[in-house]
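This report describes a protein model for a reader who is new to structural analysis. Please consult the sequence and the structure while reading.

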Amino acid sequence: GVLHCFLFLPVFGRAIHAIARISDEFWFDPVEKGLALRSVNSSRSAYGYIFFSAMFFQHYCWTAVSQPRRKEKQLSLPCRLIIKSVLPVFRYVNVLERNVEKCSIYTNINDHHITFQLLCKHGVVKTYNLTFQECDPLQAVFAKHVLLADVMIHFPTSQEEVTLSVTPMKVCFKSYTEEEADLPKTMLTEIQLNPDEFDYFQVGVDSEVTFCLKELRGLLAFSEATGVPVSIHFAVSGKPIAFSIDDMVLEASFVLATLSEVEKETASQQPPRSPQRQESAAAASGKAPHRESAKPASPGAKQEVTNVPRVAEREGRGAGGAAPAEEEEEVARAVPGGEAAESRYQKVRRHPPCSRWRALAGTERMLRFHSLFFGAVSCKEKDAVSHTRSLATASDTEEDFGTAPSSQV
Amino acid sequence: MRFRAKIVDLACLNHFSRVINTIAKLAKTCTLRLTVGKLYFILSDKIANGGVSMWCELCQGNFFNEFQMEGVAAEHNEIYLELVPENLSRALKTAQSAKAVKIKLTNKHYPCLRVAVELPSLSSSSRIVTHDIPVGVIPRRLWNDFREPSVPDFDVSIYLPVLKTMKSVVERMKNLSNSIVIEANLSGEMNLKIETDLVSVTTHFKDLGNPSWTSEDGCQSSTQSRDPESMAEARIDIKKLQQLLAGQQVNPTKALCNIVSKRIVHFILLHEDVSLQYFIPALV
């Protein structure tokens, strides 16, 4: 691939210096979305990663080149550079700031060269030609911090429902089986986590909610692929539980009904039957560019929609490529005393994109925690302008290098 | 009746997982027999299994760092449990990076093997994943059903070809026929044959070598008098053979089979610390 970029120099220079603290060499990975620098020390006890989005550069031009040697077409070109060779280019950052008007970086894989060209004052042009070694991408060899997917992987893929149980001291996910009769035959799995594994953990009161894991798996896979942490909001049994991911350029939210306490008790006392789910109206939404108000139920729907939430618009989102709306699903509020649904969750219908769901916030006794990913992720919204100056983001685009995790969710 | 065991060594854990995965591929339900020094996975030859039987033996010391067992009674210091090996396989599957795995027999509401996996985490305390695998306790009066099978009075004993090769041959043959004929002689030759209305395919292996067996009284086995070129053969269910071969995750140190003409084929796969015997009866 060929990469041309003109960049804001002191910041880039400082990034190189930061990376240099980790190791003598680093990986220079230009990808379509930007430029990633990675480094790992020889004892593999430190790993640094800095990603410059394409927007950081005045001009970023990257072309994919298919490499016949590799099995699949590799869209990125990882190359390994010796820091010592690159540092001189950016050694005196203050001087750079004063004297250098522009810096260009060209790569050409065919002759294994990277060229840094500094256009300085007084017509001076400094060109540094460095050779690099083509290599396999540096994979993150360190275990990611708590990813919800890593927790759920312990449940068999056939596991339908899971109970999340929290106390201020402990977080526990365990398999849930409704039918008492099945219990002696079923394998039950339970995962206990310490609250300090989470980036943010706030539990006011012990709580236990049961939700459908199958419906969540899509979001888990998506979250794992994008590397964005998942936040979980829930209150008490019966009230919905929301799993959301929130990033610069996309957000997603899956809201699931939870089994209500009353039904749980009834179910265990009576002979097995399909209990009603107490539903609160909920909607899963992606970041839809259009804000339509929710349309009424399409004809032929089994249940009547009695209430669909309206959503307050979120302000100040950066433009960024909006992800296409996730599968929109809407769960209708059960008609009181309604007939037994054929599935215990009211059947969902597909709807056109509807306004984003915000009504969960403000529910009393909200319990909320994030999962950690590679260091704390601020939940404050970044505004579109400031992010161009950030040196590091939380995203780790593993999928660019074909290192899709083998975990199944 | 008590049982608790612990594995802390990752290599042992992986090895144990591989054994369990193999067993899980061979039997939907089987018997786990625990003694002071060994574990056995046993499948006895019931009609439900299609007549196949299995005997897999491990030395606990090669896998477990801690192993404590108290049997049903002092003079019968053993425990027999019925379980679904797939459950155990699943429980161990996500324990790849575990700090420790503990297995314990519990009886809270019903008997279970509780597998507790301690995983590393970023916080001060580890992450614990617990799997409760329901088991059935087999009463002592039924223990006779699970005795070690004796080596049959075979006609030919021969080492198997490289399992990978044998597996790919059998897998392809499986698409063409439900049964396969294994024939072999004492000259190290083995043929795998299928025959249908449309096609017959035979794969020949030679120079496989024949193990020598000595009978209990120290004499050479009766196969001494047999014509070395004469083939002993048995027609068996091809799926059972394919399952056996597909389940092998590691190459055995020794792999051989004993053929009783038209009756049964007895496979023996030996690894360093695990031995697996598998009997596939001939089809009538």
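## Basis of the report

The model is predicted: local features need pLDDT of at least 70, side-chain atom pairs count only at pLDDT 80 or more, and totals for chains, interfaces and linings use all residues. Residues are numbered from 1 along each chain as its sequence is written, chains are lettered from A and ligands numbered from 1 in the order in which they are written, and side-chain values use heavy atoms, with hydrogens and water left out.

## Chain B as a whole

Chain B contains four helices and 18 strands. Chain B has 284 residues, and 50% of them count as buried. A residue is called buried under 20% relative accessible area, exposed over 50%, and partly exposed in between, with a 1.4 Å probe and protein chains only.

Contacts, meaning heavy atoms within 4.5 Å, also describe the chain. Among contacts in chain B between residues at least 6 apart in sequence, 64% join residues at least 24 apart.

## Where the two chains meet

The size of an interface is often given as the accessible area lost when the parts come together. Here the area buried between chain B and chain A is about 1,800 Å², and carbon and sulfur atoms give 53% of that area. Buried area is the accessible area (1.4 Å probe) that two parts lose on being put together, summed over both. Chain B contributes 21 residues to the contact and chain A contributes 22 residues. Between the chains there are five residue pairs in polar contact, both residues being at pLDDT 80 or more. A polar contact is a pair of N or O atoms within 3.5 Å; within protein, one must be able to donate a hydrogen and the other to accept it, and residues adjacent in sequence count only if both atoms are side-chain atoms. On the side of chain B that touches chain A, the elements that give two or more residues are α2 (85-93) and β9 (127-134) of chain B. The largest share, eight residues, comes from β9(B). That side of chain B divides into eight nonpolar, nine polar and four charged residues. In this grouping Ala, Val, Leu, Ile, Met, Phe, Trp, Tyr, Cys and Pro are nonpolar, Asp, Glu, Lys and Arg are charged, and the others, Gly among them, are polar.

Two strands pair if DSSP finds at least two bridges between them. Within this pairing, Glu190(A) has Thr130(B) as its bridge partner. Another residue, Thr94(B), lies in the loop between α2 and β7 (100-107) of chain B. The side chains of Thr94(B) and His154(A) are joined by a polar contact of 2.7 Å. Not counting residues up to four places away in sequence, Thr94(B) touches Ile153(A), His154(A) and Leu119(B). Thr94(B) is buried, with a relative accessible area of 17%.

## Salt bridges

Side chains of opposite charge can pair when their charged atoms come close. A salt bridge is a side-chain nitrogen of Lys or Arg within 4 Å of a carboxyl oxygen of Asp or Glu. By this rule there are eleven salt bridges over all chains, while the count between chain B and chain A is zero.

In chain A, the side chains of Lys214(A) and Glu160(A) meet in a salt bridge (3.7 Å, N to O). This pair links distant parts of the chain, 54 residues apart: Lys214(A) is in helix α5 (residues 213-226) of chain A, and Glu160(A) is in the loop between α4 (148-152) and β11 (161-167) of chain A. Lys214(A) is partly exposed at 43% relative accessibility, and Glu160(A) is partly exposed at 41%. In chain B, Lys38(B) and Glu57(B) form a salt bridge (2.7 Å, N to O). Lys38(B) is in strand β3 (residues 38-43) and Glu57(B) in strand β4 (residues 53-59) of chain B, 19 residues apart. Lys38(B) is partly exposed at 26%, whereas Glu57(B) is buried at 16%.

## Two paired strands in chain A

Strand β2 (residues 25-31) of chain A pairs with β3(A) in the antiparallel sense over five bridges. A hairpin of two residues joins β2(A) to β3(A), and Pro30(A) stands opposite Leu35(A) in β3(A). Strand β3 (residues 34-40) of chain A is mostly covered, with seven of its seven residues buried.
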